[in-house]
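Below are my notes on what I looked up, in the order I got to it.

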Amino acid sequence: MLKRIFERLMIASNAFTILPVIFCLLGAIVLFIIASYDVLVVFGDVYAYFFKGFHPDDFHSDIVGVIVGAIDLYLMALVLFIFSFGIYELFISEIDELKIDKSSNVLEVHSLDELKDKLAKVIVMVLIVNFFQRVLHANFTTPLEMAYLAASILALCVGLYFLHKGGSH
């Protein structure tokens with residue numbers, strides 16, 4: 001009797017998994033909005049650059065930095081988005097619309113390992129974009145610093161190669 005009550009309580013507590021789903025979706029929407037706003041600001045800066053005579057120093061690298069930062073935010077939003085869909089599918093209910101449209105199975109998750117793999121790939125891309133954004137604003141003055149940059153880029157390439165190779169098997 002006590003066992004049955006406890007099991008029902010455990011199953012009912014499964015409804016709390018809706019909280020990370022809701023808040024991750026809201027977080028993803030917020031990140032999409034912020035990144036889109038950043039890109040719109042860039043459009044305003046580019047307009048001022050061409051038509052209003054506004055020519056700040058390092059304009060090109062600043063614009064590229066903001067756009068790369070927006071890409072980073074978009075990717076983080078996708079991490080939250082994929083996570084919320086995965087948690088929903090694993091713990092609450094399968095989404096029927098994802099089963100109908102077989103053209104893209106990015107959001108379809110069947111196990112925690114599959115969710116982990118999908119999230120890991122996007123998180124690695126976030127780290128790579130973040131690295132690229134930081135490199136854009138770095139000043140390299142010695143040959144050793146350039147060698148470190150080259151070694152880190154090589155490490156990223158090797159990591160991406162193995163990440164891609166692991167996904168095809």
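Started with Asp-58, which is exposed because its relative accessible area is 56%. For the cut-offs, I'm using buried for under 20% relative accessible area, exposed for over 50% and partly exposed for in between, with a 1.4 Å probe and protein chains only. Asp-58 sits in the loop between α2 and α3. Its phi is near 55°, a positive value in a residue other than glycine.

Ground rules, before I go on. This is a predicted model, so I keep in mind that local features need pLDDT of at least 70, side-chain atom pairs count only at pLDDT 80 or more, and totals for chains, interfaces and linings use all residues. Residues are numbered from 1 along each chain as its sequence is written, and side-chain values use heavy atoms, with hydrogens and water left out. Helices (DSSP runs of H or I, at least four residues) and strands (E, at least two) are numbered from the N terminus.

Stayed with that loop. Asp-57 is there too, between α2 (18–51) and α3 (59–92), and I put it down as exposed because its relative accessibility is 67%. Lys-52 belongs to the loop between α2 and α3 as well, and it counts as exposed at 62%.

Next, patches. My rule takes residues with over 30% relative accessible area and no salt bridge, joining like charges within 9 Å and nonpolar side chains (Val, Leu, Ile, Met, Phe, Trp, Tyr) within 5 Å. Areas are Shrake-Rupley with a 1.4 Å probe, and for residues only the protein chains shown count as cover. Lys and Arg are positive, Asp and Glu negative, with His and the chain ends not counted; a charge is placed at NZ of Lys, CZ of Arg, CG of Asp or CD of Glu. Asp-45, Asp-57, Asp-58 and Asp-62 make up a negative surface patch.

There's a nonpolar surface patch too, with about 1000 Å² of accessible area together; its members include Phe-16, Ile-22, Phe-91 and Leu-112. The elements giving two or more residues to it are α2 and α3. The most come from α2, with seven residues. Phe-16 is in the loop between α1 (2–13) and α2, and it is exposed at 59%.

Which residues does Thr-17 contact, neighbours within four places aside? Ile-87, Phe-91 and Ile-92, where contact means heavy atoms within 4.5 Å. Thr-17 lies in the loop between α1 and α2 and is buried at 19%. Ser-84, in helix α3, is buried at 1%. Beyond four places in sequence, Ser-84 touches Val-21, Cys-24 and Leu-25.

Last, salt bridges (a side-chain nitrogen of Lys or Arg within 4 Å of a carboxyl oxygen of Asp or Glu). I get three.

- Lys-3 and Glu-7 pair at 3.9 Å, N to O; both are in helix α1, four residues apart, about one turn. Lys-3 is exposed at 61%, while Glu-7 is partly exposed at 39%.
- Lys-116 pairs with Asp-113, closest N and O atoms 4.0 Å apart. They are about one helical turn apart because three residues separate them in helix α5 (residues 112–136).
- Glu-114 and Lys-118 pair at 3.7 Å, N to O, four residues apart in helix α5. Glu-114 is partly exposed at 25%, whereas Lys-118 is buried at 18%.
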